[in-house]
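This report looks at selected features of a predicted model.

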Amino acid sequence: MSLTITCPICGKRDGYEFRFGGEDKGPRPDEDGLTPQSWCEYVHLNECVAGRQKEWWVHKDGCGSWFTIHRDSVMNVEVATPEAHK
Amino acid sequence: MINRINQLPTLRVDPANKVIFDYKGKDYVGVEGDTVATALYHNGVRIFGRSLKYHRPRGLYSLDGECSNTCMEIDGIPNVRTENTLVKQGMRVKEQNVKGSAENDMMGFIDKLDWMMPAGFYYKTMHKPASIWPIAMKQIRKAAGLGVLSPDFEMPGKFDQIFPSADVVVIGGGPAGMNAALAAADKGLRVIIMESRPWLGGFFDYRTFDYKDAQYKNSKPLYSRARELASKVESHANIRVFKHTSVVGTYTNNLVTGFQIGTENDKFNERYIEIRAKSVVVAAGCIERPLLFENNERPGVMQVACVHRLARTYGLLAGEKAIFSVGHDLGLEAAVDLFDLGMKILCVADVREDGQNPYLMIELAKRNIPYLKGWVASKAHGSKRVNKVTMTTLDGTISRDFECDLVIASAGLTPINGHLTLAHAKLRYDSHTNFFVADTMPEKTHAAGRMLGLEDSLSIEVSGKLAGLNAALDCKLMPQSYGNTEIDALKSEIDSFTAQSKELPGPARGSKFVTAPVKGRKSFICFDEDTTIKNIKQAIDMGFDVPELIKRFTSAGTGPGQGGIPGHNLPLYVAKYTAASSKCFSSSGSSSIQSLGATPKPTNVRPPLVPTLIATYAGSKHIMMKRTPMDEMQRADGGVFRKIGVWERARYFSDDFSCRKEIENVRNNVGMLDGSTLGKFRIHGPDALKVLQRVYVSDMSKVKTGRVKYSAMCNDDGCVIDDGVVVKLAENDYYFTTSTARAGATIEWLRYHTRFDGWDFYVVNLTDSMGVINLSGPNARKVLQKVVSQDNGASGEDASNKASIQDVSNEAFPFSGYKEFMIKNTIPVKAMRLGFVGELSYELHVPSSYMVSLWNIVKEAGKEFNIQNFGVEAQNVLRMEKCHIILGQESEQRTNLLDLGLGFLWDRSKKDAKTIGAVALRQAENDPTRFRLVGFEMENNGRAARDGALIVDDKVRGYVCTARDSFSLNKAVGMALVESHLAKVGTRIQIFEDECGGERIYGTVVPMPFYDPDGKRMKS
């Protein structure tokens, strides 16, 4: 796998050690006021950006932690966190 | 059989060591170092196979496996590239895609029917009416294609995978690559060099011309320079050499993949290699661009390096009377060298107007070899192999025939760019070299050598050195790698080499794109797919204008050679023809592309760059299964083991796979089962309860000390992913079990669904460190009583306390109860009273290291009752009779909690917990389209339907989850997921099975559970 990912605890490792956890869509919404539509969108709809996106990964063969990185989905490389997100 | 020239210093074969192999049932003799192709050529084989579509005879052409011409079946494996495969003792070699033999193929007449098969003919014919296609398909499959693989073929050999890392990876072991490797390695970096041939040396390796290097006062032939470099590289401590290794992919982040073919001494036949590097040097060199003329792939037509290497590397003269039609100096050099080796050369035609190396011109003249400037081969004659060739001036005005047995044809060189473009380099057409060159290079990647257009040997070496130093600089610029002084020194060294390289000859002018002045009905642009110039013209005339689309429509470049033959010619031809036809020019002749104003666009290449065995990607057959602590003992007791998930488990304990004895023993007596594969976890910390509330559908705050609670986990769609029990050990400290299959994913799941909350908790996976014995049956309590009483009284606890701990009566240890006790003052047991199999039943959880001891203690205590093992299948039947579900059997991905009738587990009041699945369950509550889990029994005492059989009427209405002939109930029963209108008790269901030959079998929906509906047995 060409992708490498920087785990906040273990450092930069081969992408094989991680599992993808989806785009970052924010915390779970409150149950009150949810329509089937809005719930379905939260769970299933993705932006699928061609370019830089923020996403969740788990270091499954390492420390087991969940964390976010920014990844260029076209080149499939991890990119630096933009200033606005720091 | 032709004679081998045995005394050449350039030889890579050992003529003294014979290798006997089998070709079409007869013994043939090759020598050590021969490829299968060269050994066959040595034995006089000229026609290696027949082409895909037209069944045209095909022979040796390039010697590097760039086309399917010489693909054969070797030891049962079809489509083996014989040019790249070393011959081995006892190999069995066969030709493929022939009816009869390659020499006399009964399908050869198809070649005359090419007019019936224009470009895209598969797409345009034989689909109207639709009924024609199945008939046509059968005939096409018989006639077309390459090798045939037997469906029950099993791949022999050993395969392996390695994942090394390196500072610098060098692709290509030629002069540039070797210089790059040495330059980087001398800077203390770890270097890997990959070379596709079994030796280092590249295109220096077979050439005897002088190595013109000012640094070496005594000039020496190129091959000895190559061997000098090779010995330096191979003895360098920092360089790891992979020979006979094809690179198949390059990716971002400098990842390089390939495969290596093992030698006799290796423990693998082939192995996959995946290298993570900090910087990459690509020095892949060039291949030759095929010359386009009529019958340009007739056996006897070969490329320059093919003939030259046959002679110099293998000691074989490819023919007696040769005609050259070339477009570069390597062609002239080969003519001179082959003449000296004894080949008769009738003439050398050169498409170039000027730019020839004057030294080579003198050498040609010295040998009286006729030289035709501005001439080109236009047609090869001879039905099975070349016996004559027509030579023509480029404008087509003058022609002359030559009788010959060899046509050495090559239009020019073309760089092997795949390694760059796969890593996202953008290519541009360069009119000076006539190459596609990289416009933008991938990060930390450097190209060197002949692929840049360099011809001068010193220029090539210096370009390699520079690339190696630049790669070294990449590594040293990485954070915290090296000090500034070292980097400055490296930079100034690079500057001085850059200056030196400017003094040397730069990229040479490449030959212009030339096609012979012919119509092109039999001028093949792609050999693998039998695509002619005429086909390309047809596609363009139909309106295709982009090479990428023309490639697909005509299938040029989609064969096993991966575009090696048409890769360069196709875009050039398309550019030329579209430009020419738009300006109403004649499509023949040698007009420059640039002057016509069209820019050639290369087609994409994709990995694997070289055909790779799937077996190589699969690697070695590691079957890694987990074994429980009881594995050995259960095997000794006659357990029949099966792979279940990641585990090997005892499924049966006799040859009777219906497990009648095991089942009856549990129902009437007492049995024991190894349940160690169950997922086991401890969660503790201030927020532990919050986590459980999030992931379990029930209200986990109601879990009471001393009791077990059964609950389920759902996903965000409300679908059940797991079920198990939870025990409260202390405040915010819980022990819980998951199904065997979920154990691996549980912690990840908990952490994922709490990732925004910042909760403080710890989860420990105890699956492997705890074992479980399941003790079940009416006599289970008696056995347990004996086990817990084996306290030797060594502990200091007071007697009454001990008595209450050891009391396992129904009152003291009721159904759903939880108890902790020590056995023999040593073995700590977490005991749960459950009833998965529908009988009085205990689960004893102990540390894995005590499992064997406890197992023996239980077995010993059970002896007087004749306790027996039972396996996973018996458990499956027992729990099915009780309608206890197993997730994955009574559910699939879309099955939610309500479908299974487990809605009672769901606590809808805990909205604040944001329980996973709750929203979806609420939304699915009144959905009439969902499946329901029902119990059914077979009609008329029929046998049980098979698991997975379909419930049907005129449509599929559901499926059977589990069904068995029940000994306890004396009838066949099962559970099924069905549409809700079939869920009512008493409904008749029709079951369809693959094996039933159209006859349906029938069952009736009955109430669940089937066995002991009141649960008296497990609760008393």
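## An enclosed helix in chain B

In this predicted model, helix α24 (residues 872–881) of chain B is largely enclosed by the rest of the structure, because 9 of its 10 residues are buried. The buried residues of α24(B) are V872(B), E873(B), A874(B), Q875(B), V877(B), L878(B), R879(B), M880(B) and E881(B), where a residue counts as buried if 20 or more other C-beta atoms lie within 10 Å of its own.

Just after α24(B), the backbone at C883(B) adopts a positive phi of about 60 degrees.

## A hairpin in chain A

In chain A, strand β1 (residues 4–7) pairs with strand β2 (residues 11–14) in the antiparallel sense, and the pairing runs over 4 bridges. The two strands, β1(A) and β2(A), are joined by a hairpin through 3 residues, and C7(A) has G11(A), in β2(A), as its bridge partner.

## The contact between the chains

The contact draws 19 residues from chain A and 18 residues from chain B. On the side of chain A that touches chain B, helix α1 (residues 36–44) of chain A gives the most, contributing 3 residues. By residue class, that side of chain A consists of 10 nonpolar, 5 polar and 4 charged residues.

Methods
Residues numbered from 1 in each chain as written. Chains lettered and ligands numbered in written order. Predicted model: local features only at pLDDT ≥ 70, side-chain atom pairs only at ≥ 80, totals over all residues. Buried ≥ 20, exposed ≤ 12 C-beta atoms within 10 Å, placed from the backbone. Pairing = 2+ DSSP bridges. Contact = placed C-beta atoms within 7 Å. Nonpolar A, V, L, I, M, F, W, Y, C, P; charged D, E, K, R; others polar.
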